[in-house]
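Visitor: Could you walk me through this structure? I am new to it and would like to go slowly.

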Amino acid sequence: MAEITVRTSRPGPDRTSDVLAAFRRDLPDGRVSIGNLIDALGDRSVGTILLALSLPTVAPVPLGVSVLFNLPVLLFSIALLFGSRGAMLPDWLLRRSVERATAARMIDAVLPRLRWIERMLRPRRPALAAIDGEVWFGALVFLLALIAFVPVPLMGWLPGFALVLLALGLIERDGNAVGVGLVLGMGAVVFAAILISGLSYAGHELLVKDEAD
């Protein structure tokens with residue numbers, strides 16, 4: 001097990017997109033792991049770790065790749081759910097990796113979106129930007145990661161984008177961004193509940209029809 005010490009989010013001199021762009025320029029040879037990305041981001045705050053783990057959910061990668069990377073988010077959210085400030089992730093998850101070319105494509109796709117969001121971020125509403133210590137925050141992250149596991153095209157985009165926005169809001173101490181992320185997150189939960197209920201009802205109706213025939 002590898003320990004990831006969680007600290008309070010604090011914006012540094014470089015924005016997250018700058019750090020990510022520097023990482024993109026000097027990608028490791030061969031394969032690129034989650035541990036590589038977390039190390040590159042440097043800061044061990046809840047926001048930066050959550051961002052590193054959730055980026056694959058909004059990148060244009062095959063469905064199986066993004067779903068595979070949701071497992072670390074789930075484990076991290078469980079640690080937050082139980083109030084852990086020193087979250088543990090197993091070494092085999094930190095070593096979860098993709099080919100260098102795939103990592104480059106993911107970062108190239110994510111960077112413009114990060115930069116667009118960052119232009120609107122600034123420290124404000126400090127109380128809302130400090131919710132990462134709340135137990136219910138861990139529960140919400142867990143739910144969003146769980147929804148992103150559903151193997152339905154585009155199903156993971158809304159919870160993934162909510163996670164990224166929450167992470168950036170925590171990093172930049174922007175309570176407004178966190179608030180929008182919370183709204184998107186709750187919307188993702190409601191949408192998933194409606195979709196799953198609809199699919200369940202449709203499946204039940206098909207079974208009843210087949211039995212009647």
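Predicted model: local features only at pLDDT ≥ 70, side-chain atom pairs only at ≥ 80, totals over all residues.

Visitor: Okay, how far apart are the end C-alpha atoms of α7?

Guide: They are 26 Å apart, which agrees with the 27 Å that the 19 residues of helix α7 (residues 100-118) should span at 1.5 Å a residue. The expected span is 1.5 Å times one less than the number of residues, and helices (H or I, at least four residues) and strands (E, at least two) are DSSP runs, numbered from the N terminus.

Visitor: And where is the kink in α7?

Guide: The kink lies at V110, shortly before the proline P112, and is about 30 degrees, taking the bend at a residue as the angle between axes fitted to the seven residues ending there and the seven starting there.

Visitor: Which residues of α7 are buried, and what covers them?

Guide: The buried residues of α7 include T102, M106, V110, L114 and I117, where buried means under 20% relative accessible area, exposed over 50%, and partly exposed in between (1.4 Å probe, protein chains only). Their cover includes α1 (16-25), β2 (31-33), α3 (46-54), β4 (97-99) and α9 (157-171), judged by contact, that is, heavy atoms within 4.5 Å.

Visitor: You mentioned α9, so how many of its residues are buried?

Guide: In α9, 13 of the 15 residues are buried, so the helix is mostly covered.

Visitor: Switching topic: how many residues are in the largest nonpolar core?

Guide: That core has 52 residues, and L20, L50, L51, F137 and L168 are those with the most contacts inside it; a nonpolar core is a set of buried Ala, Val, Leu, Ile, Met, Phe, Trp, Tyr and Cys residues joined through side-chain atoms within 4.5 Å. The largest share of this core, 10 residues, comes from α9.

Visitor: What does L168 touch?

Guide: Leaving aside residues up to four places away in sequence, L168 touches T16, L51, L114, I117, E118 and L121.

Visitor: Now the charged ones: how many salt bridges are there?

Guide: The count comes to four, a salt bridge being a side-chain nitrogen of Lys or Arg within 4 Å of a carboxyl oxygen of Asp or Glu. In one of them the side chains of R24 and D108 meet at 3.0 Å, N to O. R24 lies in helix α1 and D108 in helix α7, so the pair ties together parts that are 84 residues apart in sequence.

Visitor: Which residue does E99 pair with?

Guide: E99 forms a salt bridge with R31, and their closest N and O atoms are 2.9 Å apart. This pair links strand β4, which holds E99, to strand β2, which holds R31, across 68 residues.

Visitor: One more: is D174, the partner of R124, buried or exposed?

Guide: D174 is buried, with a relative accessible area of 0%, whereas R124 counts as partly exposed at 21%. The closest N and O atoms of their salt bridge are 2.8 Å apart.

Notes. Residues numbered from 1 in each chain as written. Heavy atoms only, no water.
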